[in-house]
Amino acid sequence: MIKVSREEILYIAKLSRIAIHEDEIESLVDDISQVLNYAARVQELAATEVQQPVKNINIFREDTIVQTDPQPLIAQAPQREEQYYVVPAVLDSEK
Amino acid sequence: MKNLAFATITQLQDLLKNKEISAQELLTFYLDRFAKYDPAIGAALDVFDKDSIIAAAAKSGELAGIPGLLKDIIAEKGRSLTCASKILEGYKATYDATSTARLKDAGAYIVGRANCDEFAMGSSNETSAYKKVKNPWDHERVAGGSSGGSIAAVAAGLVPWAIGTDTGSSIRQPAAFCGVVGLKPTYGLVSRYGVTAYASSLDCVSVTARTVKDTAKVLSVIAGKDPKDATSLATEKKDYAATLDGAIKKGLKIGVVDAALHAEGMDPEIVQAIETAIAELKKLGARIENVELPAFEYGAATYFILSRAEAASNLARFDGVRYGMRAKTDDLFDMYSDTRRDGFGAEVKRRILIGNYVLSAGHADAFYVNAKKVQQRMRQEFIETFKKYDLLVLPTTPMPAFKFGAFDTDRLQMDLQDYFTCPINIAGLPAISMPCGFTKNNLPIGFQIVGSHLSEELICQTAHAYEQVTPWHTMHPAQYAE
């Protein structure tokens, strides 16, 4: 039985950049453990399967320049200055 | 005016051609239906004004003047695109998806944005941040998901066709729940350019309509190679409706996945309806044999891992920096994580967490790598099976449409609604869900016809022949008849 710990949930939430409320943790532990327990059955079948090398092929297209106007997109930024996105200071926010 | 609510695209095209109705009148007719009926259903997140709908479409083309709906994860330039999520509230697409552009070029009227599960993650449309979609056959029940709005609009006669997507079940399961046709094409047949990514290796732009011919007509417009999507397949433009003559291919051999049809937990009324459908296919001349797919039962587990892993990566871009909502804070890390806490709904967050778990150091081998191995096995098993059979028959869902909140306390059972459909995505195959009857409670039942890669013509031909000898496509929810 896989039982994800509270610490693992908090760690994954940090990796995922999702803030979690204390009162959500318990139900997340249960829900995620339940899915992972079901999903773990892939190990049974995978044990007898040797992964073949993937035959990827490159799909090329002409490198043509298409003029697009970035303004309609930039104009939708939550905070901006001219054509720049503004975010909280990066250097003082180490966590 | 004659009631056109449930008219087929062909019938509407005849009326337009013979000038019995103008495209404007037709559009007004459907917009009026939205105004009258959709407040009770919740199929659309947005219905556009008449002039802008007409202005966006080419004047002529294969679908000229035929109104339809786009799922709200598919971009249409200048229109809102929220993916039924709060995190994108107010965002407007800055370009057309390839499917959108092709539909406009074909003269189709795109009348609005269809409601769906948030970022197409759900099997009931309950995860939409805006409103739930009600099943037109029973308002206490879900329409299914994630393309529930697209499907419900077609089932209630609000439009003759709609576009959805299908990553694990999302066009086929709601189609079965609402008694309409839902076609998930081969992976790569329809471009994903401009479609908000959920699980990129599984996502398929898909079509729903009330008949196979209508479905084929819409598919013909959107299918085909697109340089903007490197995974789109090099296929020629084709008229998928051209070969629908009511007959099935001579010597057609169909495999019935018996273990699926008689799986534990299958609703007996559904089993009976599908057995009757199989008997109809036999009467049409198909040779029917039982077939075993031993890896099939690993499909849902594989899907849970691969789809969540890809979702975790794809949804990393919603961070409050460039578009949509942003949480107010002075700290960059908090800005990301508070934005995502407030902007995403519970199901989306669960899937991102699971996805990052199965990809994280120490777990990736056990989950992600093994799921890729099982995917390889499943694909191979399907390919071998299609050397012996032209098509496969499977249930679409284990049960008919369920009541709202039915799975609130057992999310795994909700996820397992995809049990019969997601293995098809894992293998990249095309499949159609066809209406095949009703339960005693008057809820629609559907079944799947699955084919080998790029066998859409054969699937449509067979499904159409079945449709011609059965009445299900002529039955519509009574309260929307007027």
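Reader: The axes of helix H2 (residues 25-39) of chain A and helix H10 (residues 299-314) of chain B come within 8 Å; why is H2(A) called oblique to H10(B)?

Author: The model is predicted, so that local features need pLDDT of at least 70 and side-chain atom pairs pLDDT 80 or more, whereas totals for chains, interfaces and linings use all residues. Residues are numbered from 1 along each chain as its sequence is written, and chains are lettered from A and ligands numbered from 1 in the order in which they are written. The two axes cross at roughly 125 degrees, on a scale from 0 to 180 degrees between N-to-C directions, with lines fitted to C-alpha atoms over the stretch in contact. Angles under 35 degrees are roughly parallel, over 145 roughly antiparallel, 65 to 115 roughly perpendicular and the rest oblique; H2(A) is therefore oblique to H10(B).

Reader: Which residues make this contact?

Author: H2(A) contributes Val35(A), Tyr38(A) and Ala39(A), and H10(B) contributes Ala301(B), Phe304(B) and Ile305(B); a contact requires C-beta atoms, placed from the backbone, within 7 Å. By class there are 6 nonpolar, no polar and no charged residues (nonpolar: Ala, Val, Leu, Ile, Met, Phe, Trp, Tyr, Cys and Pro; charged: Asp, Glu, Lys and Arg; polar: the others, Gly among them).

Reader: What does Ile305(B) touch beyond four places away in sequence?

Author: Its partners are Ala39(A) and Val42(A), together with Val358(B), Phe367(B), Tyr368(B) and Ala371(B). Ile305(B) is also among the residues with the most contacts inside the largest nonpolar core, alongside Ala152(B) and Ala153(B). That core has 166 residues, and its largest share, 9 residues, comes from H10(B). Such a core joins buried Ala, Val, Leu, Ile, Met, Phe, Trp, Tyr and Cys residues through C-beta atoms within 7 Å.

Reader: What makes helix H5 (residues 148-155) of chain B mostly covered?

Author: A residue is buried if 20 or more other C-beta atoms lie within 10 Å of its own, exposed if 12 or fewer, and partly exposed in between. In H5(B), 8 of its 8 residues are buried, including Ala152(B) and Ala153(B). Just after H5(B), Gly157(B) takes a positive phi of about 70 degrees.

Reader: How many residues of chain A are in contact with chain B?

Author: On chain A 38 residues meet 50 of chain B. The largest share of the chain A side, 8 residues, comes from H2(A). This side divides into 24 nonpolar, 8 polar and 6 charged residues.

Reader: What makes E1 and E10 of chain B edge strands of the open sheet?

Author: In this sheet of 11 strands with mixed pairing, strands E1 (44-47) and E10 (287-291) each pair on one side only; pairing needs at least two DSSP bridges. Helices (H or I, at least four residues) and strands (E, at least two) are DSSP runs numbered from the N terminus.

Methods. Two residues are in contact if their C-beta atoms, placed from the backbone, lie within 7 Å.
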